[in-house]
Amino acid sequence: MQLSIVEYPDKRLREKSKEVKHFDENLHKLLDAMHPFMLETNGIGLAAIQVNHPIRALILNIPNEEGEQPPENLLEIINPVIVEKSGETTYQEGCLSVPKFYEDVTRFEKITLNYQDRHGNTKTLEADELLAIAIQHEMDHLEGILFIDHLSYSRRKKFEKEYKRMLKERKAKK
Ligand code: Y12
Ligand code: CO
């Protein structure tokens, strides 16, 4: 399956993703294609809507202390719901759909998540540190929300100006 990234300001990123009801071969093929795609593009998290599949599915492969992303650490998360949350933490986030930009975003420090795996089995996960941040970032995608939506008015205006310039420069290079 050939995938490509949907980039801001594409309106497709604003769609609300639909609940996954069929844990079938189509879902497995998509998840199987998302993982190598995410690694090739240096990502640690990817929601299906970012590759033009607006379903409530996301993957995460948080780097270990050596900076590696072993396949056994891959998390496939379907239909997630945060059931507990606490604390606050700020981290400089990036997104494959908003290339070249990194901004501080404040999120819950610890979360407990209910979700389904690729076979529809129900799971619970307690997450903190980068995993908790990345889950919240990816779950925002399911609602059509991007990390830049969390910026202050003035920071967002600055971002829009810089992003427009980046897109213009990229177009001129082509
Ligand atoms: C903290 C950190 C990350 C997340 C969500 C997941 N975000 C990513 O995986 C971002 C990946 C990313 C990769 C880039 O590298 C390439 O595109 C090759 C990148 O660099 C450029 O755009 C040049 C930017 C972001 C949540 C919380
Ligand atoms: Co993102």
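Strand 4 (89-95), strand 5 (98-107) and helix 2 (129-142) each give at least two residues to the shell around ligand 1; helices (H or I, at least four residues) and strands (E, at least two) are DSSP runs, numbered from the N terminus. What you're looking at is a predicted model, where local features need pLDDT of at least 70, side-chain atom pairs count only at pLDDT 80 or more, and totals for chains, interfaces and linings use all residues. Residues are numbered from 1 along each chain as written, chains are lettered from A and ligands numbered from 1 in the order written, and side-chain values use heavy atoms, with hydrogens and water left out.

Helix 2 supplies the largest share of that shell, five residues. In total, 18 residues surround ligand 1, and the closest are Thr 41, Ile 44, Gly 94, Lys 100 and Tyr 102; to count as near, a residue needs a heavy atom within 4 Å. Sorted by class, the shell has nine nonpolar, six polar and three charged residues. Here Ala, Val, Leu, Ile, Met, Phe, Trp, Tyr, Cys and Pro are nonpolar, Asp, Glu, Lys and Arg are charged, and the others, Gly among them, are polar.

Now for the backbone around this ligand. A polar backbone atom of Ile 44 sits 2.8 Å from an oxygen atom of ligand 1, and one of Lys 100 is likewise 2.8 Å from a ligand 1 oxygen atom. Gly 94 brings a backbone N or O atom to 3.0 Å from a nitrogen atom of ligand 1. On its own, ligand 1 has 610 Å² of accessible area (Shrake-Rupley, 1.4 Å probe), and the protein covers 78% of that.

Next, the metal. Cys 95 (SG), His 137 (NE2) and His 141 (NE2) coordinate the cobalt ion (ligand 2) at 2.1 to 2.2 Å, and their spacing in sequence is C-x41-H-x3-H. Cys 95 in strand 4 and His 137 in helix 2 are 42 residues apart, so this pair links distant parts of the chain. Donors are N, O and S atoms within 2.8 Å of the metal (3.2 Å for Na, K and Ca); water is not among the atoms, so sites may look incomplete.

Most residues other than glycine have a negative phi, and most peptide bonds are trans. The bond from Tyr 8 to Pro 9, though, is cis, with omega near 10 degrees, and Pro 9 lies in the segment before helix 1 (25-40). Asn 79, in strand 3 (residues 75-86), has a positive phi of about 50 degrees although it is not a glycine.

Note on methods:
A polar contact is a pair of N or O atoms within 3.5 Å; within protein, one must be able to donate a hydrogen and the other to accept it, and residues adjacent in sequence count only if both atoms are side-chain atoms.
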